[in-house]
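Colleague: I have a model open and would like to learn how to read it. Can we go feature by feature?

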Amino acid sequence: MNEELTYEQALKRLEEIVSTLESSETPLDESLKLFEEGAGLAAYCNDKLVNAKQKITEICKE
């Protein structure tokens, strides 16, 4: 990702992409680009959640 997004910003963009892809009017080339962007955003969001879970686990151990 080029810029550091918050989890919320990334999730919002991912939701926009899903909505666009669900409309069957998107051309194939654009759909592929959006899918690629969405996959990256999904991975980014997953990493943020994993890091948050690890941090919570560490805090609870203290």
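Modeller: Start with Val18, which is found in helix 1. Helices (H or I, at least four residues) and strands (E, at least two) are DSSP runs, numbered from the N terminus. This is a predicted model, where local features need pLDDT of at least 70, side-chain atom pairs count only at pLDDT 80 or more, and totals for chains, interfaces and linings use all residues. Residues are numbered from 1 along each chain as its sequence is written, and side-chain values use heavy atoms, with hydrogens and water left out.

Colleague: Is Val18 buried, partly exposed or exposed?

Modeller: Buried means under 20% relative accessible area, exposed over 50%, partly exposed in between (1.4 Å probe, protein chains only). Val18 has 38% relative accessibility, so it counts as partly exposed. Asn46, in helix 2, is also partly exposed, at 45%. Ser31 sits in helix 2 and is buried, at 17%.

Colleague: What does Ser31 contact beyond its neighbours within four places in sequence?

Modeller: Contact means heavy atoms within 4.5 Å. Ser31 touches Leu21 and Thr26.

Colleague: How do the axes of helix 1 and helix 2 cross?

Modeller: Axes are lines fitted to C-alpha atoms, for helices over the stretch in contact, and angles run from 0 to 180 degrees between N-to-C directions. Helix 1 (residues 7-22) and helix 2 (residues 28-61) have axes that come within 9 Å and cross at roughly 150°. Angles over 145 degrees count as roughly antiparallel, under 35 as roughly parallel, 65 to 115 as roughly perpendicular and the rest as oblique. The two helices are therefore roughly antiparallel.

Colleague: Which residues of helix 1 meet helix 2?

Modeller: Among them are Leu14, Ile17 and Leu21; their partners in helix 2 include Leu34, Leu41 and Cys45.

Colleague: Which residues of helix 2 are buried?

Modeller: Ser31, Leu34, Gly38, Leu41, Tyr44 and Cys45. Their cover includes helix 1. An α-helix has 3.6 residues a turn, so residues three or four places apart point the same way.
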